[in-house]
Amino acid sequence: MQERKKLESAIEQDRQLEALISDIDTLIELGNEGEDVSADLEREIAKLRKLTDELETEMLLSGENDHRSAIMTIHPGAGGTESQDWAEMLLRMYLRWAERHKFEAIVTDRQEGEGAGIKSATVEINGENAYGLLQSEIGVHRLVRISPFDANARRHTSFASVFVIPQVDDDIQIEIRPEDLRVDVFRASGAGGQHVNRTESAVRFTHIPTGIVVQCQNERSQHKNRASALKQLKARLYEYEMEKRRAEERKLEESKADINFGSQIRSYVLAPYRLVKDLRTRLAIGDVDRVLDGDIDDLIHAYLVWKKTGKTFGDSRDDESE
């Protein structure tokens, strides 16, 4: 069924492409005959550019794990309520993005902040190419704004980190020995209803050899929380091994720019001006509200082009104009 859905999507994209090119050809003919079709032509070309960007994005997803679903974790930086509120804003942005793409997004763990925001959140995002798309978000995100928590209305800078790993399919064998695993059960915190909060349904796994810790508390059933936590642990262990390989590869090409967890990748400025700027690709977007509402596809596409070719946003547009 997954393969069929993928093929149906490819066929539909091909049909849309043919229809747009045909419409543009027709408008050009009408324009040559003297009719004013500039507004319609501009609109159809914008649609064509959007569709070709989507197709190019899919072509750029050629990594070993790009097709997989993803597990995302978000943590605020230093700064208390300011950073915790920013982390919650990012969480909403990614949930809205997943909704736009019809991905299934499940918040498996959410630690509420003190007064506002979140101390951490873990989200499973299930869908074709979710990891390949969201790997562009790994790193530190910076927010500049007039603080709603400052009585003097001063400008504050907040940081939050995002980490994304691919979900591991059942056909990939990850061995977890019982003696290497410590299991803790506890009562869930925060929203969830009386049953969730009164019973020890939340589960925390600690993998002793690596020190990796995962937990899940969103389900009413301890059994379901165990299953979800185990899936997260397998994904984290898989990513742990993959990261060791990548570290060895990076030693061979240290001169090549790369993004590691902990690097500042993007700035979101709400005051004194409004701008989102990706520091890797140089893509800048003035409509900050649209981005924070989950419309981050332009940022993702620019990152994938930069990762594949090394070209920044300005470089790629210059090539097109030539």
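**Close-up views of a predicted model**

View 1. W97 and F103 are both buried, where buried means under 20% relative accessible area, exposed over 50% and partly exposed in between, with a 1.4 Å probe and protein chains only. This is a predicted model in which local features need pLDDT of at least 70 and side-chain atom pairs count only at pLDDT 80 or more, whereas totals for chains, interfaces and linings use all residues. Residues are numbered from 1 along each chain as its sequence is written, and side-chain values use heavy atoms, with hydrogens and water left out. Leaving aside neighbours within four places in sequence, W97 is in contact (heavy atoms within 4.5 Å) with F103, I125, L133, L134, G294, I296, D297 and I300.

**View 2. The aromatic pair of W86 and Y268.** Rings of Phe, Tyr and Trp (its six-membered ring) pair if their centres lie within 6.5 Å, with planes under 30 degrees apart counted as stacked, over 60 as edge-to-face and the rest as tilted. By this rule the count comes to 3 aromatic pairs. In one of them, the rings of W86 and Y268 have centres 4.9 Å apart and planes at 65°, so the pair is edge-to-face. The pair links distant parts of the chain, since W86 belongs to helix 3 and Y268 to strand 9 (residues 264-269), 182 residues apart; helices (H or I, at least four residues) and strands (E, at least two) are DSSP runs numbered from the N terminus. Both W86 and Y268 are buried. For W97 and F103, the ring centres are 5.5 Å apart and the planes stand at 65°, so this pair is also edge-to-face.

**View 3. The largest nonpolar core.** A nonpolar core is a set of buried Ala, Val, Leu, Ile, Met, Phe, Trp, Tyr and Cys residues joined through side-chain atoms within 4.5 Å. The largest one has 42 residues, and Y94, W97 and Y268 have the most contacts inside it. Among the elements that each supply at least two residues of this core are strand 1 (70-76), strand 5 (155-166) and helix 8 (297-309). Helix 3 gives the most, with 8 residues. Apart from this core lies another, of 9 residues, including I176, V203, L233 and L237.

**View 4. The surroundings of S83.** S83 lies in helix 3 and is buried, with a relative accessible area of 1%. Not counting residues up to four places away in sequence, S83 touches P76, G77, A78, S158 and F159.
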